[in-house]
Amino acid sequence: MTPMNRNHDEAGLLRLAVASPEIRVGDPDFNLERHLEIARQAAADGAQLLVFPELGLTGYSCADLFYQPLLQRSALAALERLARAGEDLPLAMVAGLPLAIDGRLFNCAAFVANGRVLGLVPKSFLPNSAEFYEERWFSAADRLTRAELELCGETVPIGTDLLF
């Protein structure tokens, strides 16, 4: 551990990294690979938490493609692979994806660490003006009808009041 990291740890600080990877709209496999490249570099640089962009596993501008079950399944598979890869990385990650729950689609941030998805936070406030039409595709967090769901073979909490 470098002296800088030791000082951060002793002070109770967290080393945070934010990333903006190259994204291909509607291509979760490509996007996952870019996420993983950045995650490996961030871990090597000593980051403890890495935050990726909203809807980064699919691309933000998928528009009506968000409704496609194939895109939804591919994004979920990418999240599962990101979680598994995280088992070998000494950092936590937050990645964005659309998630279908009980007939509604949510814009979620997934918190991943130690090879697992530890929780999901759906977006609460959806912009719906100018170039933003999120209400067309997504439901706000207050429309969520459950506090947990089966994901990646585990029961995972979902909500806006989670602490990680």
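Which cysteine sulfur is closest to the sulfur of Cys152? In this predicted model, the closest cysteine sulfur to that of Cys152 is the one in Cys108, at 13 Å, which is too far for a bond.

**Cysteines**

Cys62 likewise has Cys108 as the residue with the closest cysteine sulfur, here at 15 Å. A disulfide requires two cysteine sulfur atoms within 2.5 Å, and by this rule the count comes to zero disulfides.

| Cysteine | Closest cysteine sulfur | Sulfur distance |
|---|---|---|
| Cys62 | Cys108 | 15 Å |
| Cys152 | Cys108 | 13 Å |

**The sheet**

An open sheet is formed by five strands, arranged in the order β1-β2-β3-β4-β5 with mixed pairing. Its edges are β1 (16-18) and β5 (116-122), each of which pairs on one side only. On average, and with direction ignored, neighbouring strands of this sheet are turned by 30° against each other. Strands of a sheet pair through backbone hydrogen bonds, in either a parallel or an antiparallel arrangement.

The pairing of β3 (residues 92-101) with β4 (residues 104-113) is antiparallel and extends over nine bridges. Within this pairing, Met93 stands opposite Val112 in β4, and Leu99 has Phe106 in β4 as its bridge partner. The two strands form a hairpin with two residues between them, and Asp102 in the turn has a positive phi of about 50°.

Strand β4 also pairs with β5 in the antiparallel sense, over six bridges. In that pairing Val112 stands opposite Val117 in β5. The hairpin of β4 and β5 again has two residues between the strands, and Asn114 takes a positive phi near 55°. Strand β4 is mostly covered, eight of its ten residues being buried.

Helix α3 (residues 69-86) lies across β3, β4 and β5, and runs at about 155° to β3.

**Asn31**

Is Asn31 buried or exposed? Asn31, which is found in helix α2, is buried, with a relative accessible area of 0%. When residues up to four places away in sequence are not counted, Asn31 touches Glu22, Ile23 and Arg24, together with Gly56, Leu57, Thr58 and Gly59.

Terms used:
Residues are numbered from 1 along each chain as its sequence is written. This is a predicted model: local features need pLDDT of at least 70, side-chain atom pairs count only at pLDDT 80 or more; totals for chains, interfaces and linings use all residues. Side-chain values use heavy atoms; hydrogens and water are left out. Two strands pair if DSSP finds at least two bridges between them. Helices (H or I, at least four residues) and strands (E, at least two) are DSSP runs, numbered from the N terminus. Axes are lines fitted to C-alpha atoms, for helices over the stretch in contact, and angles run from 0 to 180 degrees between N-to-C directions. Contact means heavy atoms within 4.5 Å. Buried means under 20% relative accessible area, exposed over 50%, partly exposed in between (1.4 Å probe, protein chains only).
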